[in-house]
Amino acid sequence: MSVDLLQKGGAADKIAQGSADKTTFAYKYRKRGGFLKFKAGRMNLMSDKEKIFKKAEQYITDKSAEMTAFSDYMAAHPELSAEEFESSRMMTEKLREAGFEVEYPYLGLPTAFMAKKSSGAKKPVVALMVEYDALPEIGHACGHNLHGTMALYAGMAVGEAMGELIGELRVVGTPAEETDGAKVRMADEGVFDDVDFAIMFHSFAGESFADYRSVGIDGFDFTFTGQTSHSAASPWRGRSAQSGMLLFIDALNMLRIHMHDYCRLAAYITEVKGAVNIIPDRAVCRVEARAPELSVQEELTAAVLECARGAAIATRTEVSWEKFEGSFAPMLPNLTAEKLAEDTMAEYGVVCTRGHHPTGSTDVGNISLRCPAIQPEFAIAKEKLDLHTREFAAATTSGEGHEALVKGTRIMADICLKVFTDEELRNKIKAEFTAAKEQLQ
C-alpha cells in the first residue's frame, strides 16, 4: 500500500499519527514528491526518489575535501583560454573514474570534452556545463576554478544515481569562456539541441540570484588603410588611416546617445603605423558592442558598421573588419527553471535577490537559444567583491569559498535530480522555452 504525502493533515499524515505506537515517525521530508510505504503495519519512511537524492548527497559529503583541493589546485595553476590542458585532463580523468563515457578532445577543440552517463534511455537529457579557463595576470579572478569544480562534482554526484534514473546525464567541458567561448561553437553545431535542461552556476559575491540576465556581444577588429605621404612637404597626397579611425571612434561616442538601455560600446586602439612626419596608412582598433536582446544587438552592430563606413568615406580611406571572438547571445530567460533554482537554493538556506538588470556577457546565452538553460549567480563570499579582481581570486580559496563550493555542489545536484524525476516540471520548462523561442521569430 502506498499513500501520497500531499500536505500536513492529509491521509498519510493521519495514518502516521494513528500508527505512532507502532513506528517512529522521524523523517525529514524534502518535498521531492516522495511517498510513504506501509508494509505489515510498519512504514518505510524513505521513498525510492528520496534514496536517489540521498545517494548524491552522500557522494558530495564523501568528496567534499577532494573537491576543495581540486578547486584550490586549479587556482594555484591557472590556465588561459584554450590552454586549459592540465585542468581538462584532470577533469576527464575524474569523470572516467566515475564511470562516464568521455570524448576528449571534443569537436576538434583540444581542451573541450563531453562526458555521458546513461540509464540506457535517451531521454530526458540533463547537461551540466563546466568552465575552467583563467584570466591573464590575475588567474582565476572570475571563479572558474570554483564553479567549474562545482559543476564537475555535481555531475559525478548525479551520476552515482543514474542506475535508478531514466535518461542521460552529460557533463560538458566548455573552455575559453573568457575569449572565444567554446559554447558558441557547441551551440552552432547542435550539441545542446536534444538537451531538456542545461545548467551551470557562476561564482559571485555579496548576493545570490537565479534571474541572471546577460548582454549579447559582438567583437570586431577594424582596420583603416590610407596612403602615406610627407606630413609637411605633401600632406595633400596622403590619406590618414589614423584620421579615419579617430573619426570612427568619435562616431561611436555620438552613437551612445541613441543606444537602448543596458547597451554598451567599448573601443581601444591596437595599432597605428607611421611617424610624426609620415601620414599613417594603417590604423587598427578593437570594438565590442553589447545589447540585452537579440534584435537590439543586431541593430546596434549594424549601426557600428555604418559608423565605420561613414568615417572611411569622410576621410577618403578604406576600412575592413573581422570578428576577433565568437558572438555571445543574450540569455533567453526561463522563469520556471529559475524558480526551481531559487526554491532549491532556499532549501539550503540561500536567499536569492531578484530584479537584476543585464550585466556582463556569457556564451551560456548561446546555449539558452538551443535548449532551456540557466546560469544562477552563486555567492562565494558575503562581502561584495568585483569579478576580475585579485580579491575575487583570493575568495575562491578562502574557507568561505570552500563552504560555498560544497553547498553549491549539493544545490546543483539537487536541481538536476528534480528535473530528472519530475516529468511535469520538465514539460513546463520546455513549454516556456518553446514559447520564448517563437517570440524571437
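Is L107 buried or exposed at 19% relative accessibility? L107 counts as buried, because its relative accessibility of 19% falls under the 20% limit for that class (buried means under 20% relative accessible area, exposed over 50% and partly exposed in between, with a 1.4 Å probe and protein chains only).

## Basis of the description

This is a predicted model, in which local features need pLDDT of at least 70 and side-chain atom pairs count only at pLDDT 80 or more, while totals for chains, interfaces and linings use all residues. Residues are numbered from 1 along each chain as its sequence is written, and side-chain values use heavy atoms, with hydrogens and water left out.

## The chain as a whole

The secondary structure of the chain comes to 12 helices and 15 strands, where helices (H or I, at least four residues) and strands (E, at least two) are DSSP runs numbered from the N terminus. Of the 441 residues, 54% count as buried. Among contacts (heavy atoms within 4.5 Å) between residues at least 6 apart in sequence, 77% join residues at least 24 apart.

## The six-stranded sheet

An open sheet with mixed pairing is formed by six strands in the order β4-β5-β7-β6-β8-β14, two strands being taken as paired if DSSP finds at least two bridges between them. At its edges lie β4 (101–103) and β14 (373–374), each of which pairs on one side only. Strands of a sheet pair through backbone hydrogen bonds, either parallel or antiparallel.

Within this sheet, strand β5 (residues 113–118) and strand β7 (residues 168–173) run antiparallel and are joined by six bridges. Across this pair, K116 stands opposite R170 in β7.

## A hairpin of β11 and β12

Strand β11 (residues 264–275) pairs with strand β12 (residues 278–291) in the antiparallel sense, over 10 bridges. The two strands form a hairpin with two residues between them, and Y268 stands opposite R286 in β12.

## Helix α6 against helix α7

Helix α6 (residues 241–255) and helix α7 (residues 294–315) have axes that come within 8 Å and cross at roughly 140°; such axes are lines fitted to C-alpha atoms, for helices over the stretch in contact, and angles run from 0 to 180 degrees between N-to-C directions. The two helices are therefore oblique to each other, given that angles under 35 degrees count as roughly parallel, over 145 as roughly antiparallel, 65 to 115 as roughly perpendicular and the rest as oblique.

From α6 the contact includes F248 and L252, and from α7 it includes V304 and C307. The residues of this contact divide into 12 nonpolar, three polar and no charged, with Ala, Val, Leu, Ile, Met, Phe, Trp, Tyr, Cys and Pro counted as nonpolar, Asp, Glu, Lys and Arg as charged, and the others, Gly among them, as polar.

## Helix α11 and its surroundings

The axes of helix α8 (residues 335–347) and helix α11 (residues 399–421) come within 10 Å and cross at roughly 130°, so that α8 and α11 are also oblique to each other. L340, A341, T344, M345 and E347 in α8 meet I411, D414, I415, K418 and V419 in α11, and by class this contact has six nonpolar, one polar and three charged residues. The crossing of α8 and α11 is right-handed.

Helix α11 also holds A413, which is buried, with a relative accessible area of 1%. Leaving aside residues up to four places away in sequence, A413 touches I60, A154, A157 and V158. The C-alpha atoms of A413 and Y153 are separated by 8.5 Å, although these residues are 260 residues apart along the chain.

## Backbone details in the loops

Most residues other than glycine have a negative phi, and most peptide bonds are trans. In the loop between β4 and β5 lies P105, which is joined to Y104 by a cis peptide bond with omega about -5°. The peptide bond from K123 to P124 is cis as well, with omega near -5°, and P124 is found in the loop between β5 and β6 (125–130).

The place of L107 is in the loop between β4 and β5, and L107 has a positive phi of about 55° although it is not a glycine. E137, in the loop between β6 and α4 (144–159), has a positive phi near 75°, and at 73% relative accessibility E137 counts as exposed.

Key:
A crossing is left-handed if the near helix is turned anticlockwise from the far one by less than a right angle, and right-handed if clockwise.
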